[in-house]
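Let's take a walk through this structure together, starting with its charged pairs and then moving on to domains and helices. Have the 3D view open as you read.

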Amino acid sequence: MGEQMEVESAAKENGNSEVELTETENELYDRQIRLWGLESQKRLRTAKVLISGLNGMGAEVTKNIILSGVHAVKLNDSKIVTEEDFCSQFLLPRTALGCNRAEASIERSKALNPMVEISADIQPLSEKNEDFFCGFDVVVVIGASNNELLRIDDICRRNDIKFFAGDVWGMFGYIFADLKEHKFVEDVVKHKIISKPNEKTKTELITTTVQKELSFPSYQAFVDFDMKNPAFQKNLKRKGPAFVLLRVLQKFRESFCRDPSYKSREEDLKHLESLRDEFNISGMIMANNYLEYIFAQISPAAAVVGGVMAQEIIKTITKKESPNLNLFLFDPQTCCGFIETIGVY
């Protein structure tokens, strides 16, 4: 505990790059330091992350972020554990049925990495004011409504906090990122000619570190995106209707204040088909059987989408490598993920 306070104090005084890892940390994170460098690990060491929504995807993100070696993780969830959670939420013991999801996930989360400060918060995110979010470098919200995501992203933009939203329905999932003006470094590999004149051309690979910057739009730009855009219509035929499915599921959540349930499968499928038709998307583009993949949370999908989100969070904190700009979709029919650039100006 004393070592952690010393490191945090040094971070505030000297900046992330001046933080010195302890001998224990250097040993624990040795493989990661070899992968993304000491400076990146130092940035992780001072980062504070909020993860709200401890479903299967939330558990996957939590696991990877804790293992990466951030300073602190706050787990937020006001829901109780149900039988359905055991399909994909591996941080929950079987004895946790009926308990709060965040509190029930604490013990196994702490066992992943004792070097990370982990705490639970059971208050609904909708009751949190702006000051609460200002205590974090990255805010991750899983399973919230569009109105709540808009409110939180607005707070994050005002306070220069990195914002991620995402969710998984059955075998379908998405990730949205709003990193504002994000600066990062990227290794560029080029061939350099090393042969002398009149000799057979010989080259060697030279790696150069280049600083870059990307501008991310707000979640409002994503909500306002016009699916009738001609360029998007071409993508729709080529990539499939995953983006439309996301809109349908978000509309279902707003209309019924819940997600589609296997307990009311037939009735909910009719609602989903009706919502699809409201978007003027024909059954030829999104067939009825495409809607059958979104019930419960399937563990492999939660692992893939949660793993991608955690990777993007780590890239954001370390400022290393280009982040996805700005929407990742996991298609339930092809089991492939792809990037859509939405609302970029």
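Salt bridges first: this is a predicted model, and the count in it comes to 19 salt bridges. Side chains of opposite charge can pair when their charged atoms come close. Take arginine 101 and aspartate 85, which form one of these bridges, with their closest N and O atoms 2.9 Å apart. The pair ties together distant parts of the chain, 16 residues apart. Arginine 101 sits in helix α6 (residues 101-104), while aspartate 85 lies in the loop between β2 (72-76) and α6.

Now zoom out to the domains. The protein chain splits into domain 1 (23-180 + 298-340), domain 2 (183-214) and domain 3 (225-292). Pick out domain 1 and domain 2: their centres, taken over C-alpha atoms, are 36 Å apart. Where they touch, seven residues of domain 1 are in contact with six residues of domain 2. About 550 Å² is buried between domain 1 and domain 2, and carbon and sulfur atoms give 59% of that area. How many salt bridges are there between domain 1 and domain 2? The count is zero.

Finally, have a look at two helices, α4 (residues 38-46) and α14 (residues 299-318). Their axes run 8 Å apart, and the helices pack at an angle of about 105°. Angles of 65 to 115 degrees count as roughly perpendicular, so that is how α4 and α14 are described. At the contact, Ser40, Arg43 and Leu44 in α4 meet Ile314, Ile317 and Thr318 in α14. Sorted by type, the residues of this contact are three nonpolar, two polar and one charged.

Terms used: Residues are numbered from 1 along each chain as its sequence is written. This is a predicted model: local features need pLDDT of at least 70, side-chain atom pairs count only at pLDDT 80 or more; totals for chains, interfaces and linings use all residues. Side-chain values use heavy atoms; hydrogens and water are left out. Axes are lines fitted to C-alpha atoms, for helices over the stretch in contact, and angles run from 0 to 180 degrees between N-to-C directions. Helices (H or I, at least four residues) and strands (E, at least two) are DSSP runs, numbered from the N terminus. Angles under 35 degrees count as roughly parallel, over 145 as roughly antiparallel, 65 to 115 as roughly perpendicular and the rest as oblique. Contact means heavy atoms within 4.5 Å. Ala, Val, Leu, Ile, Met, Phe, Trp, Tyr, Cys and Pro count as nonpolar, Asp, Glu, Lys and Arg as charged, and the others, Gly among them, as polar. Domain bounds come from an automatic or database domain assignment. Buried area is the accessible area (1.4 Å probe) that two parts lose on being put together, summed over both. A salt bridge is a side-chain nitrogen of Lys or Arg within 4 Å of a carboxyl oxygen of Asp or Glu.
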